[in-house]
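Okay, thanks for coming, everyone.

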Amino acid sequence: MERLDKLVCSQGTLTRSEAGRAIRCGRVTVDGKVCRQGALKLDPAAHDIAVDGKTLGYAKFVYWMLNKPAGILCVSRDPKVPTVVDLLPAEHRRKGLFPAGRLDKDTHGLVLITDDGDFAHRMLSPRHHIPKTYHAVLDKPLTAEDAEAFQAGPVLADGTQCQPAKLSVLREGDNPLVEVVIYEGKYHQIKRMFAAVGCHVEWLKRVKMGGLVLDESLVEGACRPLTQEEKDSILTENN
Ligand code: URA
């Protein structure tokens with residue numbers, strides 16, 4: 001059950017205040033009858049809600065791509081620190097939203113925010129081996145042995161054996177920029193994999209999950225809904 005004013009703005013293109021005005025002006029109908037009570041709680045799946053005669057296409061779940069800046073917590077709510085969910089436009093925040101897969105506070109890049117728990121579970125389950133691609137700047141050049149260790153599956157400091165990861169150098173130098181693809185999601189995995197070969201990660205960004213590529217036209221902190229094609233690409237690409 002959700003308030004009518006919230007439903008009108010979360011499913012349509014109106015802001016919360018525009019939705020409130022539209023309701024008060026009699027532009028909103030519920031099951032064909034004008035309803036002027038913005039606070040009325042309704043199950044959107046059980047009612048036909050229309051604005052200016054146009055039925056709202058009720059989306060059961062939502063899927064947002066966010067370009068996460070550093071300094072933002074990758075959780076739903078925090079009493080002190082801004083979270084990735086706080087970065088969604090206010091009129092599109094709704095109950096149950098969470099980031100599907102965590103990034104560290106200092107990591108940048110692609111985060112999927114959704115309220116679809118089943119989808120997130122499929123995406124994150126180790127059984128599905130959904131690849132996650134990261135770009136990292138390191139504190140020193142890599143050796144051929146380091147690259148071999150990634151190919152074989154690095155062993156972390158605590159003895160954890162990782163699955164093989166793909167490593168390629170995008171820019172050589174004292175602080176190389178590398179691309180790493182992993183197929184699992186252990187805690188601080190990228191930083192710990194590089195620590196295992198004696199390297200420190202100075203900057204980290206996630207750029208891809210499955211077939212979903214971060215839209216580089218999104219400035220840091222900006223987000224947009226996924227297209228259906230993009231959503232499907234997360235689970236279908238297994239490179
Ligand atoms: N690996 C890390 O070490 N940090 C992240 O934020 C994501 C993957």
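So, where is the place of Asn175? Asn175 sits in the loop between strand 11 (166-171) and strand 12 (177-182). Before I go on: this is a predicted model, where local features need pLDDT of at least 70 and side-chain atom pairs count only at pLDDT 80 or more, while totals for chains, interfaces and linings use all residues. Residues are numbered from 1 along each chain as its sequence is written, and side-chain values use heavy atoms, with hydrogens and water left out. Strands here are DSSP E runs of at least two residues, helices are H or I runs of at least four, and both are numbered from the N terminus.

Back to Asn175. Its relative accessibility is 33%, so Asn175 counts as partly exposed; that's the class between buried, under 20% relative accessible area, and exposed, over 50%, with a 1.4 Å probe and protein chains only. Leaving out residues up to four places away in sequence, Asn175 touches Val137, Leu138, Asp139 and Glu202, where contact means heavy atoms within 4.5 Å. Its side chain reaches the backbone oxygen of Leu138 at 3.0 Å, and there's also a polar contact with the side chain of Glu202, at 3.4 Å. By polar contact I mean a pair of N or O atoms within 3.5 Å; within protein, one must be able to donate a hydrogen and the other to accept it, and residues adjacent in sequence count only if both atoms are side-chain atoms.

Next, strand 7, residues 63-68. Why call strand 7 largely enclosed by the rest of the structure? Because six of its six residues are buried. Tyr63, Met65 and Asn67 are on one side, Trp64, Leu66 and Lys68 on the other, and both faces are covered. Strand 7 pairs with strand 9 (residues 108-114) in the antiparallel sense over six bridges; pairing takes at least two DSSP bridges. Asn67 stands opposite Leu110 there. Three bridges join strand 7 to strand 15 (residues 223-225), also antiparallel, and Leu66 faces Cys223 in that pair.

Last stop, the ligand. What surrounds the ligand? Among the residues around it are Leu103, Asp104, Tyr134 and Leu204, going by heavy atoms within 4 Å. For Lys191, the distance from a polar backbone atom to a ligand oxygen is 3.0 Å.
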